[in-house]
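Dear colleague,

Please find below the structure that I am handing over to you.

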Amino acid sequence: MQKMTIPGLEVRVYPNPVSDMLMIEVIQTRNDLFRYELFDIAGRKLVLKKMNSNIEEIDMSSYVSGVYLLHLLNPN
């Protein structure tokens, strides 16, 4: 699990490595809903989606094995 802590915000992304479902969990003191982008290693954007809750699942089963980049965007 990758863990990053910023005052008032904690983001968990797991499991790593992933084979089926990738989980994004946002724990925060505010009620902001984030957006996320998923890129392949070549920089192609594969997904852009607004999170509907503080926990989001990304189905990774249709992607080939490799390295992917996840970008979490603040609504502001």
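Two strands are said to pair if DSSP finds at least two bridges between them. With that in mind, Leu9 has Gln28 in E3 as its bridge partner. Please keep in mind throughout that this is a predicted model.

The two strands E2 and E3

Strand E2 covers residues 9-14 and strand E3 covers residues 21-28. The two run antiparallel to each other and are paired over six bridges. A hairpin of six residues leads from E2 to E3.

The largest pocket

Empty space in a structure can be found by rolling a probe the size of a water molecule over the atoms. Here, the largest pocket has a volume of about 500 Å³. Its lining is made up of 22 residues, and Asn16, Val18, Leu22, Met60 and Tyr68 are the ones nearest the centre of the pocket. Strands E2, E3 and E7 (68-73) are the elements that each give two or more residues to this lining. Which of the elements gives the most to the lining? It is E7, with five residues.

Of its residues, 16 are nonpolar and six are polar, while no charged residue is present.

The aromatic pair

One aromatic pair is present in the structure. Tyr63 and Tyr68 form this pair, with 5.7 Å from centre to centre and an angle of 50° between the planes, and the pair is tilted. Tyr68 is also one of the residues nearest the centre of the largest pocket.

Tyr63 has a relative accessibility of 25%, so Tyr63 is partly exposed. Tyr68 has a value of 22%, and therefore Tyr68 is partly exposed.

Pro75 and its contacts

Pro75 is found in the segment after E7. Because its relative accessibility is 42%, Pro75 counts as partly exposed. Which residues does Pro75 contact, leaving aside its neighbours within four places in sequence? They are Asp32, Leu33 and Phe34. Pro75 and Leu33 are 42 residues apart along the chain, yet their C-alpha atoms are separated by 6.6 Å.

With kind regards

Notes. Residues numbered from 1 in each chain as written. Predicted model: local features only at pLDDT ≥ 70, side-chain atom pairs only at ≥ 80, totals over all residues. Heavy atoms only, no water. 1 Å grid on protein atoms, 1.4 Å probe; cavity = no way out; pocket = protein on both sides within 12 Å on 5 of 7 lines; lining within 4 Å. Points joined across faces, edges and corners; volume = space filled by probe spheres on them. Helix = DSSP H or I, 4+ residues; strand = E, 2+ residues; numbered from the N terminus. Nonpolar A, V, L, I, M, F, W, Y, C, P; charged D, E, K, R; others polar. Buried < 20%, exposed > 50% of the residue type's maximum accessible area, 1.4 Å probe, protein only. Contact = heavy atoms within 4.5 Å. Phe/Tyr/Trp six-rings, centres within 6.5 Å; stacked < 30°, edge-to-face > 60°.
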